[in-house]
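Hi everyone, thanks for coming.

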Amino acid sequence: MPLPEASRRYPITLPDGTEHAGTVFLNRVIEHPRFRAGDYSYASDFDPPADWANRLAPYLFPNSRETLTLGRFCQIAHGVRFITASANHAMDGITCFPFPVFDPAQMTSYQPDCRDTVVGHDVWIGYGAMILPGARIGDGALIGAGAVVRGTVPPYAVVTGNPARVIRYRFDPDTIAALLDLRWWDWTPDLISRAEPALLTGDLAALTALAL
């Protein structure tokens, strides 16, 4: 079946014909200078907010120095939070108390942590997971419900727990290498629609044939 139009705000149409307001394509609802999301990446929430950027990344401010970047075809469940670098306090002094944030003259120039948070393509982040400042999540990774993620998550890894740890990989190394080479998420919408059966059944040979 054809992909939903990438320009849709609400990509899910219910059987009665109404749009499901609890799921949105993020790059159609977020207007934030430090939050970037690729086409088809969606978030779902049982209590849809007016401001999706603030719900997902409450410490990412317009004047923050870091960025939050999501690739294409990411799937963000209810309760996920990105705790971006602006939330961090300096830890190299005697106190962690952020005195400068209470001084308007220093507030905008004071940010002890400026690390970007980067999520790859086709990443599923489960219910209530928390992504910490500077996390780098590889393509195809699965983040378990309630996981607390810091550091680097390899492509196609499955991570769970606090702190999140790799419990397994979705595929063997050769398959992972082939998928990273194919980069199906960059294909045209028509080709991805044709690839849907192969994508859903794990038919790497059929997927590879479509790329030729």
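Let me start with a quick one: is Asp122 buried or exposed? Asp122 counts as buried, because its relative accessibility is 15%, and the cut-off for buried is under 20%. Before I go on, please keep in mind that this is a predicted model.

So, where is Asp122? You'll find Asp122 in the loop between β7 and β8. Its phi is positive, near 55°, and Asp122 isn't a glycine. As background, most residues other than glycine have a negative phi. His121 sits in the loop between β7 (117–119) and β8 (124–125) too. His121 also counts as buried, because its relative accessibility is 17%. If you skip residues up to four places away in sequence, His121 touches Gly71, Arg72, Cys74, Asp139, Gly140, Arg183 and Trp185.

Asp122 brings us to the largest pocket. Asp122 is one of the residues nearest the pocket's centre, along with Phe73, Trp184, Leu199 and Leu200. In total, 32 residues line this pocket, and the space inside is about 930 Å³. The elements giving two or more residues to the lining are β1 (23–25), α4 (173–182), α5 and α6. Which element gives the largest share of that lining? That's α5, with six residues.

Let's stay on α5 for a moment. Helix α5 covers residues 189–201, so 13 residues. From first C-alpha to last, α5 reaches 19 Å, close to the 18 Å expected. Where does α5 bend? The bend is at Ala195, by about 55°, and Pro197 follows within four residues. Several residues in α5 are buried, among them Leu191, Ile192 and Ala198. Part of what covers the buried residues of α5 is α6 (204–211).

Tyr156 is another residue other than glycine with a positive phi, near 60°. Tyr156 lies in the loop between β13 (152–153) and β14, and Tyr156 is buried, since its relative accessible area is 1%. Then there's the peptide bond between Asn162 and Pro163, which is cis, with omega about -5°. Again as background, most peptide bonds are trans. Pro163 is in the loop between β14 (157–160) and β15 (165–169).

His32 is in the loop between α1 (26–29) and β2 (35–37), and His32 is buried because its relative accessible area is 15%. The His32 side chain reaches the backbone nitrogen of Arg34 at 3.0 Å. Leaving aside neighbours within four places in sequence, His32 is in contact with Ala53, Leu60, Phe61 and Pro62.

And finally Asn88, in the loop between β6 (81–82) and α3 (104–107). Asn88 is partly exposed, because its relative accessible area is 29%. What does the side chain of Asn88 make a polar contact with? The partner is the side chain of Asp113, at 2.7 Å. Not counting residues up to four places away in sequence, Asn88 touches Pro112, Asp113, Arg115 and Pro133. Leu132 is 44 residues from Asn88 along the chain, and their C-alpha atoms are separated by 9.8 Å.

Key. Residues numbered from 1 in each chain as written. Predicted model: local features only at pLDDT ≥ 70, side-chain atom pairs only at ≥ 80, totals over all residues. Heavy atoms only, no water. Expected span 1.5 Å × (residues − 1). Bend = angle between axes of the 7 residues up to and from the residue. Buried < 20%, exposed > 50% of the residue type's maximum accessible area, 1.4 Å probe, protein only. Contact = heavy atoms within 4.5 Å. Polar contact = N/O pair within 3.5 Å; in protein donor to acceptor, adjacent residues only side chain to side chain. 1 Å grid on protein atoms, 1.4 Å probe; cavity = no way out; pocket = protein on both sides within 12 Å on 5 of 7 lines; lining within 4 Å. Points joined across faces, edges and corners; volume = space filled by probe spheres on them.
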